[in-house]
Amino acid sequence: MKPLGIFDMFDQIIADELGVDVPTYIDVIDKFNDEDMEYIINTTMDTNATQDDKLKAKQLFQTKL
């Protein structure tokens, strides 16, 4: 198994938070415009984001599943 790069680790963390595998996360996140993509990624990674904000980001992500 090859070592994960920094971006691979970010993808894994975000995919885990969104409840999908990495290939699904990558396929789906590319369907969003830049603004929504940034919202999903930034909110998911923000340690200060509320659970409500994280839920909203996850629900937005699920609209393109």
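A residue counts as buried when its relative accessible area is under 20%. In this predicted model, Ile40 has a relative accessibility of 0% and therefore counts as buried. Ile40 lies in helix H3. When neighbours within four places in sequence are left aside, the contacts of Ile40 are Leu18, Ile29, Phe32, Ala57, Leu60 and Phe61. Ile40 and Lys64 are separated by 24 residues in sequence, and their C-alpha atoms are 12 Å apart in space.

Leu18, one of the residues in contact with Ile40, is found in helix H1. Its relative accessible area is 3%, so Leu18 is buried by the cut-off of 20%. With residues up to four places away in sequence not counted, Leu18 touches Tyr25, Ile40, Thr44, Lys58 and Phe61. The C-alpha atoms of Leu18 and Gln59 are 8.9 Å apart, although 41 residues separate the two in sequence.

The packing of helix H1 was described for two partners, H2 and H3. Two packed helices are described by the angle between their axes and by the distance between the axes. For H1 (residues 6-18) and H2 (residues 22-29), the axes come within 9 Å and cross at roughly 90 degrees. Angles of 65 to 115 degrees count as roughly perpendicular, and H1 and H2 are therefore roughly perpendicular to each other. On the H1 side the contact involves Asp11, Gln12, Ile14, Ala15 and Leu18, which meet Val22, Tyr25 and Ile26 in H2. By class, the residues of the contact of H1 with H2 comprise six nonpolar, one polar and one charged.

The axes of H1 and H3 come within 10 Å, and their crossing angle is roughly 90 degrees. H1 and H3 are therefore also roughly perpendicular to each other. H1 contributes Phe10, Ile13, Ile14, Glu17 and Leu18 to this contact, while H3 contributes Ile40, Ile41, Thr44 and Met45. Seven nonpolar residues, one polar residue and one charged residue make up the contact of H1 with H3.

Thr43 is another residue of helix H3. Its relative accessibility is 9%, and Thr43 therefore counts as buried. The residues touched by Thr43, not counting those up to four places away in sequence, are Glu38, Ala49, Asp53, Lys54 and Ala57. Ala57 is also in the contact list of Ile40.

Aromatic side chains were examined next. The count comes to two aromatic pairs. Phe32 and Phe61 form a stacked aromatic pair, with 6.5 Å from centre to centre and 20 degrees between the planes. This pair links distant parts of the chain, 29 residues apart: Phe32 is in the loop between H2 and helix H3 (34-45), whereas Phe61 is in helix H4 (residues 51-62). Phe32 and Phe61 are both buried. Together with Tyr25, these two residues form one aromatic cluster. Lys64 lies over the face of Phe32, at 5.5 Å from the ring centre.

Note on methods. Residues numbered from 1 in each chain as written. Predicted model: local features only at pLDDT ≥ 70, side-chain atom pairs only at ≥ 80, totals over all residues. Heavy atoms only, no water. Axes fitted to C-alpha atoms, helices over the stretch in contact; angles between N-to-C directions. Helix = DSSP H or I, 4+ residues; strand = E, 2+ residues; numbered from the N terminus. Parallel < 35°, antiparallel > 145°, perpendicular 65-115°, else oblique. Contact = heavy atoms within 4.5 Å. Nonpolar A, V, L, I, M, F, W, Y, C, P; charged D, E, K, R; others polar. Phe/Tyr/Trp six-rings, centres within 6.5 Å; stacked < 30°, edge-to-face > 60°. Buried < 20%, exposed > 50% of the residue type's maximum accessible area, 1.4 Å probe, protein only. Lys NZ or Arg CZ within 6 Å of the ring centre and 35° of its normal.
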